[in-house]
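Keep the viewer open and follow along.

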Amino acid sequence: MGVRLVEIVERVKNRPGGLPGVDLARLNLKVGKALSRLAAVMADDPVLVACAERAAKEIISEGDTQ
Amino acid sequence: MSAERPDFDAGRNLLLLGERRIIFHCHHYNLFLQRSIEDGLGPEEATRLQVAAAMESARPLLTKLYAKEPELALVDKLLLAQRLFGSLGFGQADCTDLTAHGGQIRLLTSHYAIGWLAKWGTASRPVCHFPVGFWMGALCAAAELPPERLQGRELSCHAQGDARCLLEIEVL
Amino acid sequence: MAIDEQKIIEAVSQLGISGNEEGLIPAFGLYLTQHMADYYNRISFAMAHRLERTPELIDDGQTLLMEAGHGCAFHTFGGIMKSAEWDAVVRPMLQTKEDWVYGMTAVVNTFGWGRWAVRDLVPGQRLVVTVQDSYEAAGYLRDYPRSASPRCYLATGGVAGLMNLLYVGDITQGPELSDAYYKQVFRSPSRFVGTEVLCRAVGDPLCLFIAQRLP
């Protein structure tokens, strides 16, 4: 369950120079689901995965938090 | 005290202008909050909310300031708004093309655009939502228009790499 | 206590901070605005209310709204505590690190945010601040029914940020307020977090905040 979603969450959480709590809150809001807490028990729905990928890419590419 | 400067109640730490509370905040706070609203609501709805909130905030404040000088013509009221916009730190605006029928406002500088660039670099979308709403509120109050008749947008934004920010207000 | 709050308020409020010929307020290493409280309140509360329709996202929204307060404290409080104005007005009154908390709180009492007061300060451990006339709580009460939860997101983050600047980082040593330093301070496992314990928006007589270290 949620293998790809978990991978996305880990990527955001571990981005270099990030603030994990802030970055994951941003991911959750952008996707509209609490992925950081629920990814492991959610199905890898293709639409949701694509949305999460877009959000993660945006968060990681934006670089520094503050 | 100038009409465009807040009055300070030192005992309660209140800054009041046009009977509305004014507070100091920096570009880090302003832009982080703006991005968070976009994260929470999505860019389109966040833009609508911020424009509407700016208009809702600016209109009554400016209505009070205009009421102190009832002899002012429309152009003078808009120039007062222009001075206020600058004295509050939002940027240097040129509203000379704005009339009761709408028009454009050039921002020679914009706090939001400069702040976004300084904080995060080039923006993927226009960022001057507050200025759009501010100028809608200013025109609405100056021309005594119903707010429902106004629409506003940012045509070009310095934060996206354009030389200047250009706002447009349409009166329906 | 060596801090003369009235003297600080008088001096800072008379600086005449206002837009320059470019309509900007560059000060303390950042750009300031004298902004409209109504604007902040509407956009913050509208987002919070929207997220409250999806309970699993409430905490994430609050995290970001309070993070905005952390950044505000780090950059604005930090920038002020490194400024020539601080050196001229406040620094002569400072004898201990704790005085920096009282000095900065006095400066905050010129921002229009409502009246901040330190109720308790345990050096390096805990800060309790009360706020009368919080613009967030006052704005909430004006426009919405009584809240079921505290609403002063900026102040919650700000109180924690002040403690982090002093006791996780060390602003008294004049560090560069860089992104790297921000991460160092706000990723620390011993960083301070803020909690709003009382809030006028929920019916309390004033707002009260506690900043203490992560358990």
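Chain B carries an open sheet of four strands in the order β4-β5-β7-β6, with antiparallel pairing. Keep in mind as you look that this is a predicted model. Which strands stand at the edges of this sheet? They are β4 (93-94) and β6 (150-156) of chain B, and because each has a single partner strand, one side of each is left without a neighbour in the sheet. For β6(B), the pairing with β7 (residues 165-171) of chain B is antiparallel and runs over six bridges. Helix α5 (residues 129-143) of chain B lies across β5 (102-107), β6 and β7 of that chain, at about 140° to β6(B).

The contact takes 48 residues from chain B and 43 residues from chain C. On the chain B side, the elements that give two or more residues are β2 (14-17), β3 (20-26), α1 (27-41), α2 (43-68), α3 (74-87) and α4 (111-120). The largest share, eleven residues, comes from α1(B). By residue type, this side of chain B divides into 25 nonpolar, 17 polar and six charged.

β3(B) is joined to β2 (residues 30-36) of chain C by five bridges, and the two run antiparallel. Here Ile23(B) stands opposite His35(C) in β2(C).

Is it enclosed or open? Five of the seven residues of β6(C) are buried, so this strand is largely enclosed by the rest of the structure. β6(C) pairs with β4 (residues 126-132) of chain C in the antiparallel sense over six bridges, and six bridges also join β6(C) to β5 (residues 192-198) of chain C, again antiparallel.

| Strand pair | Bridges | Facing residues |
|---|---|---|
| β3(B) and β2(C) | five | Ile23(B) and His35(C) |
| β4(C) and β6(C) | six | Leu127(C) and Ala211(C) |
| β5(C) and β6(C) | six | Val193(C) and Gln212(C) |

Helix α6 (residues 135-143) of chain C ties several of these pieces together. Its buried residues are Tyr135(C), Glu136(C), Ala137(C), Ala138(C), Gly139(C) and Tyr140(C). What do they pack against? The buried residues of α6(C) pack against β3 of chain B, together with α2 (37-52), α7 (153-168) and β6 of chain C.

That leaves chain A. Its secondary structure comes to four helices and zero strands, running α-α-α-α from the N terminus on. The C-alpha trace spans about 35 × 15 × 15 Å along its principal axes. With 66 residues, a compact globule would have a radius of gyration near 11 Å, and chain A agrees because its own value is 11 Å. Buried residues make up 41% of chain A. Among the contacts in chain A with a separation of 6 or more, 72% come from residues 24 or more positions apart.

Chain A meets chain C as well: eleven residues of chain A are in contact with 14 residues of chain C. The chain A side of that contact divides into five nonpolar, four polar and two charged residues.

Key
Residues numbered from 1 in each chain as written. Chains lettered and ligands numbered in written order. Predicted model: local features only at pLDDT ≥ 70, side-chain atom pairs only at ≥ 80, totals over all residues. Rg over C-alpha atoms; globule rule 2.2 N^0.38 Å. Buried ≥ 20, exposed ≤ 12 C-beta atoms within 10 Å, placed from the backbone. Contact = placed C-beta atoms within 7 Å. Nonpolar A, V, L, I, M, F, W, Y, C, P; charged D, E, K, R; others polar. Pairing = 2+ DSSP bridges. Axes fitted to C-alpha atoms, helices over the stretch in contact; angles between N-to-C directions.
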